[in-house]
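Morning, everyone. I have one model to walk through today. Please bring it up on the screen.

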There are 2 protein chains.
Amino acid sequence: MSVDVPVALLGYGTVGCAVARLLADSAEDIERATGHRLRLVRALVRDVDKEREFQPEDGVLTTDFALIRDDESVAVVAEVMGGLTPTGDHILGLLRAGKPVVTANKQLLARRSTELFAAAAEAGVQLRFEASVCAAIPVIKVLRESLVVTNVHRVLGIVNGTTNFILTRMESGASYEEALAEAQRLGYAEADPTEDVSGADAAAKMAILASVAFGSRVELDDVAYEGIDQIRPEHVEAARSLDSVVRLVGTATLVDGAVDVRVGPALVGRHHPLASVEGPFNAVMLHGDAIREIMLEGPGAGGLETASAVVADMVSVLGTTGTGFLQGDACWRSLPTLPPGDLPAPFYVRIAVDDRPGVLAHVAERFADEGVSIAQLSQQVQNGSAALDVVTHTAPSGRVAAALDAIASLPEVHARPEALRVISERGV
Amino acid sequence: MSVDVPVALLGYGTVGCAVARLLADSAEDIERATGHRLRLVRALVRDVDKEREFQPEDGVLTTDFALIRDDESVAVVAEVMGGLTPTGDHILGLLRAGKPVVTANKQLLARRSTELFAAAAEAGVQLRFEASVCAAIPVIKVLRESLVVTNVHRVLGIVNGTTNFILTRMESGASYEEALAEAQRLGYAEADPTEDVSGADAAAKMAILASVAFGSRVELDDVAYEGIDQIRPEHVEAARSLDSVVRLVGTATLVDGAVDVRVGPALVGRHHPLASVEGPFNAVMLHGDAIREIMLEGPGAGGLETASAVVADMVSVLGTTGTGFLQGDACWRSLPTLPPGDLPAPFYVRIAVDDRPGVLAHVAERFADEGVSIAQLSQQVQNGSAALDVVTHTAPSGRVAAALDAIASLPEVHARPEALRVISERGV
């Protein structure tokens with residue numbers, strides 16, 4: 001028997017319109033699957049009279065948040081307005097009023113989730129957030145429900161489509177600037193691309209993924225991130241010569257009970273599943289005791305894709321209300337953060353040097369002094385200047401950084417080199 | 001507050017042992033996530049005294065099915081014994097006795113699901129089956145719950161790890177026989193590999209996936225399948241020259257309201273995400289209106305991996321009992337089957353011919369007679385014998401087959417050539 005379920009939105013932009021359209025177009029699908037008929041009754045906007053891609057029924061749009069918060073009939077609210085203020089307070093207000101909330105807001109979750117989930121727990125309602133990470137790729141549900149007995153200990157992710165598009169274009173010969181301009185032209189990058197290219201967007205998503213995977217809160221401030229603005233065609237070329245590609249990779253790792261979450265450009269071996277993630281696509285790879293590794297791939301952004309995840313979350317809220325099933329805060333413990341520099345990995349380093357006898361030995365010595373063992377070393381000479389391409393064996397990132405500091409002070413070395421992590425094989 | 005939940009198993013082999021171990025080792029994880037403490041109280045076996053990898057408590061193993069069926073305390077039963085008889089009747093008996101069932105049995109589901117789901121619906125209990133397809137890769141939950149408003153219209157899958165391992169080894173230069181022997185040595189292939197290499201195993205999985213994706217029952221008999229036993233190094237070599245790899249691909253397609261499900265070797269373009277699926281791994285790609293495409297990849301077999309999916313299903317059953325949430329039969333409509341030969345695709349064909357003037361023109365004419373347009377045609381000559389490699393534009397498979405029948409009767413042609421589908425780009 002069908003149950004009429006009034007729902008509301010905070011925000012009615014691109015994603016909000018897409019949610020409204022999906023709710024209307026898929027009403028029968030949802031009813032058949034769940035027994036509930038979802039009906040959009042309110043949507044919070046700044047301007048009621050603005051033209052919309054998908055016009056809701058008269059009276060749905062409102063500028064008055066209290067109308068939604070205080071409407072006893074509204075069974076679930078989806079927040080798709082974005083931003084931190086007043087969004088965070090609106091969500092808190094809804095939760096405290098006993099309303100389940102679904103949100104697509106990664107920046108808010110990566111900063112205020114302790115407070116938000118505490119409010120949800122106190123009110124005994126759900127706060128779901130599938131759409132906050134990688135749009136329609138259902139990684140939160142998979143982590144929480146499908147992998148409930150799996151002990152996930154590592155998450156690798158290409159979780160920013162803008163930077164992945166740029167890096168893929170650079171593989172085909174574009175410069176960083178050309179690739180960024182093309183991304184902006186195609187709508188994959190904003191006019192101000194800082195949030196994406198700096199790694200900040202990916203860092204917020206990795207914070208959320210790590211929190212769910214490890215059951216311990218990770219916020220944006222806990223994530224060390226670097227972007228791709230320092231990546232030059234030489235890196236892409238050097239990657240190719242190592243049968244690899246350059247990708248902006250987020251990693252969340254559990255090491256002896258401590259958590260390490262970081263985002264940075266990495267060299268990914270051609271046969272690693274992440275290497276095949278091209279263009280604006282996203283992928284998340286989960287390593288767990290019982291599953292070895294599972295990868296989910298798909299479009300990481302888009303209004304309709306995000307809306308699909310929002311509606312699926314609304315359906316899941318309604319479908320599990322009252323059962324106590326996987327509804328609370330995913331975080332149930334408080335793990336320490338791994339000291340920066342402790343995470344072991346193999347690294348790739350490109351070092352611009354003078355083409356002089358002895359430089360290779362001097363560089364090699366500095367690595368040896370820090371106990372970093374070298375797997376591969378080659379020297380490229382071009383127009384009188386030279387570069388060393390170094391791949392290390394697995395070593396703590398701090399020891400590699402210390403070696404690079406020492407190398408930077410060699411007279412033959414032009415600049416402090418940057419290290420890129422190497423992800424070469426499955427399971428690594 | 002914790003609720004003690006007695007559960008039972010049918011079967012206690014590799015998967016059953018792994019389920020028992022996961023239930024014991026992850027009892028706290030499950031309780032924290034769901035509020036339920038699952039306790040294995042019965043497991044049906046043929047021989048109670050046989051030694052087990054993970055020994056259950058005294059009194060758990062039994063040879064008497066009725067003890068499980070009639071135990072009112074048992075809240076959910078997982079079937080991990082495999083086979084069709086008496087397994088099917090046991091599951092029916094449990095469902096009719098009002099017990100929810102979780103099964104890993106693809107062969108049974110691909111043959112008797114109408115009857116099984118009808119019994120579940122009549123008793124008002126759930127029948128879940130995540131583990132029946134690709135072990136721990138959570139494609140059933142993703143299809144039913146995450147993509148509830150997505151209108152999935154195409155499923156592409158590499159759903160058999162044995163054949164994928166063999167094909168990947170052939171890429172590295174092994175013959176079919178060498179690769180099969182290696183798969184058997186590593187435990188990826190059975191002593192009698194027929195079920196895998198014939199495509200029958202993949203066909204059963206595609207029938208289940210198609211049923212869930214399209215909401216219309218597809219059984220094993222509805223799936224046209226071919227295996228990889230006809231694949232020779234020349235195919236792999238020809239694929240390489242077309243910047244492709246050979247994969248055993250299952251496709252389920254919705255065309256104008258009709259369903260087509262098939263399994264066969266295909267040429268997959270190097271940049272298509274399925275091409276990066278190597279060794280014994282599986283992957284399923286879902287195309288839908290709201291999501292473009294989402295791919296899930298992971299190990300497609302293994303005792304622990306399968307057990308992980310079984311336990312997740314048990315948890316999902318308990319977590320949704322009584323809410324009416326996505327519990328019934330996934331099939332709610334009855335779609336016709338697309339006439340064989342109607343499905344359009346581009347095809348690759350290798351034709352062994354005499355190296356005589358005019359043969360290329362004769363072959364080209366036969367394609368033209370059937371309205372099949374050619375995208376690429378090249379002739380290889382070696383030791384006096386020759387082969388034509390042909391890639392067609394998209395054409396109905398029946399027209400391609402008719403052209404090949406006509407080509408087979410040409411005097412210069414040595415044997416009826418086989419066509420391999422070509423999957424070259426994302427979205428195709």
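Start with strand S10 of chain A, residues 258-269. Twelve of its twelve residues are buried, so the strand is largely enclosed by the rest of the structure. Buried here means under 20% relative accessible area. Keep in mind that this is a predicted model.

Take strand S9 of chain A, residues 244-255. S9(A) and S10(A) pair in the antiparallel sense, over twelve bridges. The two form a hairpin, with two residues between them. Look at the turn: A:Asp256 sits there, with a positive phi of about 50 degrees.

Now strand S8 of chain A, residues 224-225. Two bridges join S8(A) to S10(A), and this pair runs parallel. For a landmark, A:Tyr225 stands opposite A:Val263 in S10(A).

Then strand S18 of chain A, residues 419-423. S18(A) pairs with S10(A) in the parallel sense, over three bridges. Here the landmark is A:Leu267, opposite A:Val422 in S18(A). As a reminder, strands of a sheet pair through backbone hydrogen bonds, either parallel or antiparallel.

Let's move to another part of chain A.

Here is an open sheet of six strands, with parallel pairing. What is the strand order? Reading across, it goes S3-S2-S1-S4-S5-S6 in chain A. The edges are S3(A), residues 61-62, and S6(A), residues 127-128. Each edge strand pairs on one side only.

Zoom in on S4(A), residues 76-79, and S5(A), residues 101-103. They pair in the parallel sense over three bridges. A:Val77 stands opposite A:Val101 in S5(A).

Which helix lies across S5(A)? That is H4 of chain A, residues 87-96. Helix H4(A) also lies across S1, S2, S4 and S6 of chain A. Against S5(A), the helix runs at about 155 degrees.

Last, the two chains.

Chain A can be laid on chain B with an RMSD of 0.0 Å. Which C-alpha of chain A is nearest the axis? It belongs to A:Leu296, 2.3 Å from the axis. The same surface serves both copies: 100% of the contact residues of chain A recur in chain B.

That's my tour. Over to you.

Methods. Residues numbered from 1 in each chain as written. Chains lettered and ligands numbered in written order. Predicted model: local features only at pLDDT ≥ 70, side-chain atom pairs only at ≥ 80, totals over all residues. Heavy atoms only, no water. Pairing = 2+ DSSP bridges. Helix = DSSP H or I, 4+ residues; strand = E, 2+ residues; numbered from the N terminus. Contact = heavy atoms within 4.5 Å. Axes fitted to C-alpha atoms, helices over the stretch in contact; angles between N-to-C directions. Buried < 20%, exposed > 50% of the residue type's maximum accessible area, 1.4 Å probe, protein only. Least-squares fit on C-alpha atoms with pLDDT ≥ 70 in both.
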